[in-house]
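Hi everyone, thanks for coming. Today I'd like to walk you through one protein structure, a few residues at a time.

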Amino acid sequence: MDRRLSAYLLATLGVGAIAWITASALPVLGLASSALLFLLPVLFASARGGIGPGLFAAIIGATAYNFLLLPPRFTFRIHGLDNIVSVVALVAVALVTSRLATRLKAREREALAQAAASAEIAALSALLTEGEVTTAPARGTAWLAEHLGHVRLIAGMTDLEGDAGFSALDLSAAAWAVHNGDITGHGSAVMPVAEWSFFPLSPRGRLGGGLLAVARPAEGVPRSEGDLAQLQALAFLLGQACDRSALEAERRERARIEESDRLRRALLASLAHDFRTPLTVIAGQLEALAATSPEAGEALAAARRLDRTIEDLFGAARLEDGSLSPASESLDLVDVATPACDAVPLPDHIALARAIPPDLPFVKADPVLLHHILINLIDNAARHAHRQVTIEAKADAGRVLLSVCDDGPGIPEAARERMFERFARLEGSDRRQGSGLGLAIVKGFADAMGIAVEISDAPGGGACFTLAMPPAEGTAQ
């Protein structure tokens with residue numbers, strides 16, 4: 001039976017029962033006590049059915065009180081001022097009692113609804129925080145489907161492309177929710193005739209996130225504002241689970257990449273170390289034979305190039321694992337350039353020109369790393385020069401500039417930054433020789449020592465690599 005209809009029936013029966021009792025026992029109870037008893041059905045009817053049944057009980061109770069108890073009895077006339085006051089007081093008290101009971105009942109219903117909503121949020125929150133983080137969104141979606149019916153977790157609008165489960169209006173509502181961060185669709189103020197309700201998974205301001213789509217209730221009753229607010233709270237919880245899942249997936253991927261890089265660096269260092277010893281023996285034997293055999297001389301040059309490549313591999317491994325700790329010493333560029341030039345024999349058709357004034361200020365750098373840098377720059381210039389490689393140095397604006405230039409084809413300005421990337425190649429030019437590590441090592445070592453490296457056009461054509469080094473303390477001019 002309908003709750004309000006049963007409340008009216010309860011009011012009728014209650015007033016009838018009280019009327020029979022008070023009419024039968026009026027000499028014992030008296031008019032005042034009897035009037036108070038008529039408030040009982042008003043209280044019960046209001047608590048069960050609200051203000052309507054309460055008012056109904058108050059009116060029929062006052063009528064019965066007047067008809068059955070007030071003199072002259074069994075008439076609707078009221079004799080005497082005191083009896084009139086009695087009836088009015090009964091009606092007034094009954095009305096107030098009805099309103100109070102109705103409000104208390106409403107508060108009780110609100111408290112119960114709030115408790116149920118809190119319990120629902122707590123249950124979903126507990127479910128999302130238990131178990132595997134990456135599967136939490138799927139578990140949450142299944143839980144919501146069990147309690148709400150058809151639900152969908154939508155990562156983005158691309159998930160809805162070609163989905164026949166959504167009408168054009170539903171798709172428009174979903175797009176609005178994604179771009180504006182509002183609740184849209186069924187029951188909301190935006191496109192309420194849609195078949196689905198869409199709830200953003202993150203608060204307004206974090207647009208572009210996912211959506212929770214909830215189908216229209218099977219009974220067809222529109223969702224209230226309270227229902228929408230509760231679903232939005234659940235959607236936010238699901239969105240937080242999605243964020244945690246994405247972060248965990250990203251953390252695992254980063255750990256996998258770091259482990260892969262660690263293994264690669266270990267393999268690189270191991271290979272370079274294992275090659276080094278036999279290569280030193282081979283170079284020594286070839287150096288002895290080169291004095292009498294041109295073929296041995298060519299083999300010696302190839303062995304030395306391979307040795308420089310292995311040095312680059314060592315350098316790359318040190319840069320990547322962070323073990324590079326440059327020293328800071330006062331160096332004379334004349335002393336640095338000479339052994340570097342001797343370490344890179346040039347082909348017969350290429351001349352080496354050096355212009356390093358002996359009165360240049362000393363520079364502050366690591367001697368081993370700077371030696372490696374110069375070898376790589378000279379080797380790079382020798383590969384691309386037509387006839388000459390030039391090494392020159394000068395003091396400029398508080399710095400010491402050391403340049404290694406060639407008269408080759410040069411490097412286009414747009415490609416200069418990319419030249420320092422590992423394994424970089426210039427397509428369509430002859431700068432495709434070498435391992436692709438040499439200039440990357442130059443850049444890495446120079447950065448570690450605080451030395452700037454620039455590429456420019458050499459005078460008369462070709463490329464020019466310039467190191468801008470700080471002078472050693474006490475030697476600046």
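Here's a question to start: is Glu132 buried, partly exposed or exposed? Glu132 has a relative accessible area of 34%, so Glu132 is partly exposed. Before we go further, please keep in mind that this is a predicted model.

So who does Glu132 pair with? Glu132 forms a salt bridge with Arg252, and their closest N and O atoms are 2.6 Å apart. Now find the two ends on your screen. Glu132 sits in the loop between H5 and helix H6 (136-148), while Arg252 belongs to helix H8 (residues 225-289), so this pair ties together parts that are 120 residues apart in sequence. Arg252 is partly exposed too, at a relative accessible area of 38%.

Let's stay in helix H8 for a moment. Glu248 and Arg251 both lie there, three residues apart, which is about one turn of the helix. Their side chains meet in a salt bridge, with 2.8 Å from N to O. Are these two buried or partly exposed? Glu248 counts as buried, because its relative accessibility is 15% and the cut-off for buried is under 20%. Arg251, at 41%, counts as partly exposed. And here the story joins up: salt bridges that share partners connect Glu132, Glu248, Arg251 and Arg252 into one network.

How many salt bridges are there in the whole structure? A search finds eleven. Let me show you one more of them. The side chains of Arg216 and Glu195 form a salt bridge, at 3.5 Å from N to O. This pair also links distant parts of the chain: Arg216 is in the loop between strand E4 (211-215) and H8, Glu195 is in the loop between strand E2 (184-185) and strand E3 (196-200), and the two are 21 residues apart. Arg216 is partly exposed at 27% relative accessibility, and Glu195 is partly exposed at 43%.

Now let's turn to the nonpolar residues. On the surface, Ile78, Leu81, Ile84, Val85 and Val88 form a nonpolar patch, with about 450 Å² of accessible area together. One of them, Ile84, is in helix H5 (residues 81-129) and is partly exposed, with a relative accessible area of 39%.

What about the inside? The largest nonpolar core has 50 residues, and Leu333, Leu402 and Leu467 touch the most other members. Helix H11 (residues 367-384) gives the most to this core, with nine residues. If you zoom in on Leu467, you'll find contacts that include Leu370, Ile373, Leu377, Leu402 and Ile451. There is also a second, separate core of 21 residues, and among them are Ala11, Val42, Ala45 and Ala57.

Last topic: cysteines. How many disulfides does a search of the whole structure find? It finds one. Cys405 and Cys464 form it, with their sulfur atoms 2.1 Å apart. Cys405 is in strand E9 (residues 399-406) and Cys464 in strand E11 (residues 463-469), so to speak two distant parts of the chain, 59 residues apart, linked by the pair. Both cysteines, Cys405 and Cys464, are buried.

Cys341 itself counts as buried, at 7% relative accessibility.

Notes:
Residues are numbered from 1 along each chain as its sequence is written. This is a predicted model: local features need pLDDT of at least 70, side-chain atom pairs count only at pLDDT 80 or more; totals for chains, interfaces and linings use all residues. Side-chain values use heavy atoms; hydrogens and water are left out. Patches are made of residues with over 30% relative accessible area and no salt bridge: like charges are joined within 9 Å, nonpolar side chains (Val, Leu, Ile, Met, Phe, Trp, Tyr) within 5 Å. Accessible areas come from the Shrake-Rupley method with a 1.4 Å probe; for residues, only the protein chains shown count as cover. A salt bridge is a side-chain nitrogen of Lys or Arg within 4 Å of a carboxyl oxygen of Asp or Glu. Helices (H or I, at least four residues) and strands (E, at least two) are DSSP runs, numbered from the N terminus. Buried means under 20% relative accessible area, exposed over 50%, partly exposed in between (1.4 Å probe, protein chains only). A nonpolar core is a set of buried Ala, Val, Leu, Ile, Met, Phe, Trp, Tyr and Cys residues joined through side-chain atoms within 4.5 Å. Contact means heavy atoms within 4.5 Å. A disulfide is a pair of cysteine sulfur atoms within 2.5 Å. Lists of a residue's contacts leave out its neighbours within four places in sequence.
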